[in-house]
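The paragraphs below walk through one protein model, from its overall build to single residues. Keep the sequence and the 3D view open while reading.

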Amino acid sequence: MSTTNQDRVNGLNNESIKDIYLDEELRTSIRLIELGFGELQNLDMANDFHFLPFQLLSSGFERLMKCHICLGHFEAHSAYPKTKELKSYGHNLTVLKNSILASFFSVHDIPALQEDMELLKQNNELDQLISLLSDFGVNARYHNLDLITENKKPSQDVKRRWEEFESDLLNSHPHLLDKLGNTETAPEVLGFITRAIIIKLERFTRALCRQFTMGKLGKKALQYSSTLHQFILLEDSKLGKRDYRKETTNFQAKENRVHSRTILDELQRRTNPNYKHAVITKEDFAGEWPFYHEEVIIECREKHWCVITIDNKDYALNGSAHGRYKLEFPREAGMSIPGISINPFIDMALKLKKN
């Protein structure tokens with residue numbers, strides 16, 4: 001005779017079984033959030049399928065906050081809430097966030113947690129993002145069907161509102177506007193906007209997760225800190241620098257055109273007068289370093305083909321090299337940090353031709 005999940009919950013180790021399920025739910029929520037970030041990073045000029053990251057993030061954040069509420073309730077009452085009570089919080093992410101702030105969020109004179117509270121209470125851009133994801137999760141998933149079926153109360157067009165949010169971000173950085181008209185620099189603009197959004201949502205995720213440890217959500221919550229460690233320990237200097245795309249199916253299935261360097265390549269670099277190169281290190285670079293490796297070699301071939309070598313593999317810096325050698329760009333291959341410009345390296349490579 002098979003044992004159902006409810007049979008297990010009603011068994012002798014009732015509380016232990018619930019703890020296991022809560023751990024599974026927390027793992028699911030973090031996985032959904034990470035995949036949502038990855039699908040945001042997958043968006044580009046050819047892929048504007050916002051539905052997938054919206055779906056992943058709205059579900060992930062709802063699950064994470066409801067786990068937070070379950071543990072807060074357990075700390076106060078030595079028991080998890082019943083179904084009716086948890087359902088009373090609804091699905092609105094803004095309501096869930098405000099409920100956590102009102103009842104299950106502590107600062108304890110810890111500066112980091114004080115910053116977390118200010119973020120959750122006072123950051124207008126974060127509030128807009130949470131509201132957008134909430135509206136999508138609650139009813140906007142079926143916006144197109146509402147229009148088709150002439151729903152008298154059609155849901156909001158979250159994708160349009162999201163694009164308006166992105167436009168507002170872009171307008172606050174006017175130096176990027178001119179780059180939209182250039183096919184080589186337009187992806188940089190999209191990457192910048194996506195990174196800015198992910199940083200906001202990473203801070204939000206971290207603020208929730210740090211309550212499990214520093215916030216003293218309770219002894220029970222401490223048991224789950226290892227599940228949330230990647231966000232609990234997320235330093236400010238690491239915000240926006242993780243390539244979440246590597247967790248997504250599309251990225252894993254993609255065939256990267258990477259060229260591993262050979263002895264002949266090295267000989268060409270050293271002896272061909274039309275090949276100019278230079279070693280650039282993170283320590284010596286004045287701007288924000290865009291690569292995961294701390295040393296790269298830039299090369300300009302025949303005065304206009306710009307290539308970069310990372311970990312003894314060649315990637316295209318500019319479109320000319322991409323077309324000529326059929327090489328991936330560093331971002332496409334997961335070698336550069338999404339949203340940080342590599343244009344300074346193109347400029348430096350082109351200047352080598354003058355030497």
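Helices (H or I, at least four residues) and strands (E, at least two) are DSSP runs, numbered from the N terminus. The model is predicted, with local features needing pLDDT of at least 70 and side-chain atom pairs counting only at pLDDT 80 or more, while totals for chains, interfaces and linings use all residues. Residues are numbered from 1 along each chain as its sequence is written, and side-chain values use heavy atoms, with hydrogens and water left out.

The protein chain has 16 helices and 5 strands. Its C-alpha atoms fill a box of roughly 75 × 50 × 50 Å along the principal axes. A residue is called buried under 20% relative accessible area, exposed over 50%, and partly exposed in between (1.4 Å probe, protein chains only). Of the 355 residues in the protein chain, 45% are buried. Contact means heavy atoms within 4.5 Å. Among contacts between residues at least 6 apart in sequence, 64% join residues at least 24 apart.

Two loops among the strands hold residues with a positive phi. N312 is found in the loop between β4 and β5 (313–316), and its phi is near 65°, a positive value in a residue other than glycine. With a relative accessible area of 45%, N312 is partly exposed. K303 sits in the loop between β3 and β4 (305–310). K303 is not a glycine either, yet has a positive phi of about 75°. Its relative accessibility is 53%, so K303 counts as exposed.

Next come some buried positions. K97 lies in helix α5 (residues 93–103). K97 counts as buried because its relative accessibility is 4%. The side chain of K97 makes a polar contact with the side chain of N98 at 3.4 Å. A polar contact is a pair of N or O atoms within 3.5 Å; within protein, one must be able to donate a hydrogen and the other to accept it, and residues adjacent in sequence count only if both atoms are side-chain atoms. Leaving aside neighbours within four places in sequence, K97 is in contact with M65, L120, D127 and F204.

F212 lies in the loop between α10 and α11 (219–222). At 1% relative accessibility, F212 is also buried. Not counting residues up to four places away in sequence, F212 touches L26, H68, L71, L217, A221, L222, Y224 and L228. F212 and L222 are 10 residues apart in sequence, and their C-alpha atoms are 5.7 Å apart in space.

How is a pair of aromatic rings described? The distance of the centres and the angle of the planes describe such a pair. Rings of Phe, Tyr and Trp (its six-membered ring) pair if their centres lie within 6.5 Å; planes under 30 degrees apart count as stacked, over 60 as edge-to-face and the rest as tilted. A search of the whole structure finds 13 aromatic pairs. In the pair of F49 and F51, the ring centres are 6.1 Å apart and the planes are at 20°, so the pair is stacked. F51 is partly exposed, with a relative accessible area of 37%. The rings of W289 and F345 have centres 5.6 Å apart and planes at 80°, so this pair is edge-to-face. It links distant parts of the chain, 56 residues apart: W289 is in the loop between β2 (275–281) and β3 (295–301), and F345 is in helix α16. Both W289 and F345 are buried. Ring pairs also link F49, F51, F54, F136 and W162 into a cluster.

Helix α16 also holds N343. N343 is buried, with a relative accessible area of 16%. Apart from neighbours within four places in sequence, N343 is in contact with K179, T185 and E188.

The last topic is a pocket. On a 1 Å grid over the protein atoms alone, a pocket is an open set of points where a 1.4 Å probe fits, with protein on both sides within 12 Å along at least five of seven lines; lining residues have an atom within 4 Å of a point. Grid points are joined across faces, edges and corners, and a volume is the space filled by probe spheres set on the points. The second largest pocket has a volume of about 830 Å³. It is lined by 35 residues, of which D44, P187, F329, R331 and E332 are the closest to its centre. At least two lining residues come from each of α2 (14–42), α10 (186–210), α13 (249–253) and α16 (343–352). Helix α10 gives the most, with 5 residues.
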